[in-house]
Amino acid sequence: MSTALSIRQLSKTYDNGFQALHGIDLDVAEGDFFALLGPNGAGKSTTIGILSTLVRKSGGTVNVFGHDLDREPAALKRCLGVVPQEFNFNQFEKAFDIVVTQAGYYGIPARIARERAEQYLTQLGLWDKRDVPSRELSGGMKRRLMIARALVHQPRLLILDEPTAGVDIELRRSMWSFLTELNQQGITIILTTHYLEEAEQLCRNIGIIDHGRIVENTSMKDLLKKLHVETFLLDLKESQLVAPQLTGYPARLMDHHTLEVQVEKSQGVTELFRQLAQQKIEVLSLRNKTNRLEELFVSLVEKNLAKGAQ
Amino acid sequence: MNTTYLNSELAANWVALRTIVRREVRRFTRIWPQTLLPPAITMVLYFIIFGNLIGRQIGDMGGFTYMEYIVPGLIMMSVITNSYGNVVSSFFGSKFQRNIEELLVAPVSPHIILTGYVIGGVLRGLAVGFIVTLLSLFFTKLSVHHLGVTVLVVLLTATIFSMGGFINAVFARSFDDISIIPTFVLTPLTYLGGVFYSITLLPPLWQTVSMGNPILHMVNAFRYGILGVSDIRIGVAIGFMLLAAALLYGVCIRLLVSGRGMRQ
């Protein structure tokens with residue numbers, strides 16, 4: 001399988017002296033669904049900005065499907081579709097015109113552009129709104145409009161920067177299935193998101209960036225294997241005044257009916273339930289305190305922060 | 001680089017150019033009460049007040065009635081302000097709303113981006129110039145002395161001021177910045193550019209100073225095309241305009257390639 005994106009020693013220092021990227025390396029295989037995660041200000045948007053040529057790199061190389069950013073920028077741009085974090089379309093233009101105009105910028109003749117605009121606006125549930133000025137669309141519709149616009153030249157690599165930010169759960173799930181469908185059709189997707197559940201559900205591989213450095217770049221499966229401890233919340237039937245003594249399971253009461261317990265993967269939960277049963281504590285339900293990926297993400301970022309402080 | 005690749009790149013850029021021009025025309029025709037109507041009303045007022053009421057007291061100028069004398073200048077004035085205004089507001093608007101990024105992420109050559117905006121500005125300048133010319137026919141008879149000069153001068157002037165508007169928009173950071181140049185530079189230069197008078201009426205010193213005003217050259221060259229009279233040599237005026245257009249084109253392309261105010 002060929003490489004969709006190859007980044008080597010990519011660095012960026014802004015005019016004000018802030019170094020956003022410290023020579024990162026990143027590879028994304030063709031057909032992958034890749035999550036690029038990181039806290040705010042970690043360098044995700046700078047990386048995407050460089051790929052889309054809106055931010056100038058200070059050093060390093062970027063290659064998309066064999067096209068070098070410095071030598072073949074036009075060919076690289078044709079392979080790439082970017083959905084930015086902020087709305088960046090003309091607020092007075094109609095949704096249909098925005099998509100058709102974008103196709104024109106890529107040299108797509110008007111007839112084909114209109115057909116594709118209809119196709120993507122329909123797929124994204126916006127066809128009814130085609131003649132509505134974009135400023136009158138809801139936040140979720142504006143996000144979908146940006147996806148339709150990014151797809152109109154049929155890129156091989158689609159980069160989405162927080163595509164579901166501020167989108168309600170129902171719509172988010174429909175966007176997930178749309179993106180999964182695109183990926184199954186062969187489009188490589190890179191996704192940045194703050195919803196770690198989203199990354200875990202959709203992406204096969206993951207890169208975590210923090211303070212301008214890649215701190216993890218692996219498959220989702222391998223990353224989740226690194227999670228040694230999971231935190232569970234147990235809903236208790238009877239009210240408790242103090243947390244029960246559980247050997248090998250650090251626990252604390254969140255309130256009289258909720259017990260937070262840390263469980264090491266090697267231990268499992270069978271022994272936990274045995275001890276609880278012994279103490280005649282009935283459990284009504286059990287749930288993860290946070291998403292598994294979120295737990296890992298926080299620990300990785302905290303580790304990196306501690307390293308930086310040393 | 002093979003011929004097929006070159007041809008496909010050319011074809012793609014041609015489609016992109018048409019797209020930018022179509023979008024620009026759609027913009028200024030959609031907001032016609034802000035773009036096409038006001039200059040028409042303003043110029044009708046000029047024709048009535050300066051041409052008719054005051055002009056009758058002034059008498060002839062350069063061998064023509066005052067109305068005949070000021071019509072070419074007023075047409076040129078509307079072409080200048082509208083071609084400049086179109087590009088400065090459209091390009092700055094794109095920067096402000098960030099939809100300029102739609103163009104920057106696409107494989108469009110800087111030459112195509114500039115040409116597209118300039119054609120948009122020229123078309124609005126010509127549209128307003130045409131409306132003003134039609135309106136002037138209600139007040140005076142108009143015949144064209146030299147069609148080639150008239151067309152060349154109006155195209156060059158609209159092109160120059162479209163590029164001027166583009167440069168203004170690149171440097172502008174707020175809406176105030178796009179009104180400073182039209183208010184404090186363009187308007188005084190236009191009023192002092194021989195629209196309403198022949199510079200032969202000025203003392204010698206001010207005649208010499210006026211020669212440094214680029215708009216004087218454009219207005220007089222256009223007046224030569226329409227009436228056949230000019231305060232300056234027509235060849236010098238056209239040469240000056242060609243040079244200015246070439247220099248401005250170079251500056252605009254440099255700004256676009258550098259990404260100033262557009263790329264970080």
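**A buried strand and its surroundings**

A residue counts as buried if 20 or more other C-beta atoms lie within 10 Å of its own, as exposed if 12 or fewer do, and as partly exposed in between, with C-beta atoms placed from the backbone. Helices (H or I, at least four residues) and strands (E, at least two) are DSSP runs, numbered from the N terminus.

The model is predicted: local features need pLDDT of at least 70, side-chain atom pairs count only at pLDDT 80 or more, and totals for chains, interfaces and linings use all residues. Residues are numbered from 1 along each chain as its sequence is written, while chains are lettered from A and ligands numbered from 1 in the order in which they are written.

Stay with strand 7 of chain A, residues 157–161. Both of its faces are covered. A:L157, A:I159 and A:D161 are buried on one side, A:L158 and A:L160 on the other. In a regular strand, side chains alternate between the two faces of the sheet.

Now look at the strand's partners. Two strands pair if DSSP finds at least two bridges between them. Strand 6 of chain A runs parallel to strand 7 of chain A and is joined to it by 4 bridges. There, A:L80 has A:L157 as its bridge partner. Strand 8 of chain A (residues 188–192) also pairs with strand 7 of chain A in the parallel sense, over 5 bridges. A:L158 stands opposite A:I189 in strand 8 of chain A. Between strand 7 and strand 8 of chain A, the chain passes through helix 6 (residues 169–184), and this β-α-β crossover is right-handed. That is, with the strands pointing away from the viewer, the path from the first strand over the helix to the second runs clockwise.

Helix 5 of chain A comes next. Its 13 residues (139–151) should span 18 Å at 1.5 Å a residue, and its end C-alpha atoms are 19 Å apart, which agrees. The expected span is 1.5 Å times one less than the number of residues. Its buried residues run from A:R143 to A:L151, with A:R144, A:L145, A:M146, A:I147, A:A148, A:R149 and A:A150 among them. Their cover includes strand 6 (80–83), helix 3, helix 4 (110–123) and strand 7 of chain A.

Of its 5 residues, the number buried is 0, so strand 12 lies largely in the open. It pairs with strand 13 of chain A (residues 258–264) in the antiparallel sense over 4 bridges. The two form a hairpin with 2 residues between them. A:D255 has A:T258 as its bridge partner.

Step back to the whole of chain A. It has 10 helices and 14 strands. Of its 310 residues, 39% count as buried. An automatic or database assignment sets the domain bounds: domain 1 covers 3–225 and domain 2 covers 229–293. Their C-alpha centres lie 41 Å apart.

Finally, turn to chain B. The contact takes 24 residues from chain A and 21 residues from chain B. Two residues are in contact if their C-beta atoms, placed from the backbone, lie within 7 Å. On the side of chain A that touches chain B, helix 2 (73–79) and helix 3 (95–105) of chain A each supply at least two residues. Helix 3 of chain A gives the most, with 4 residues.
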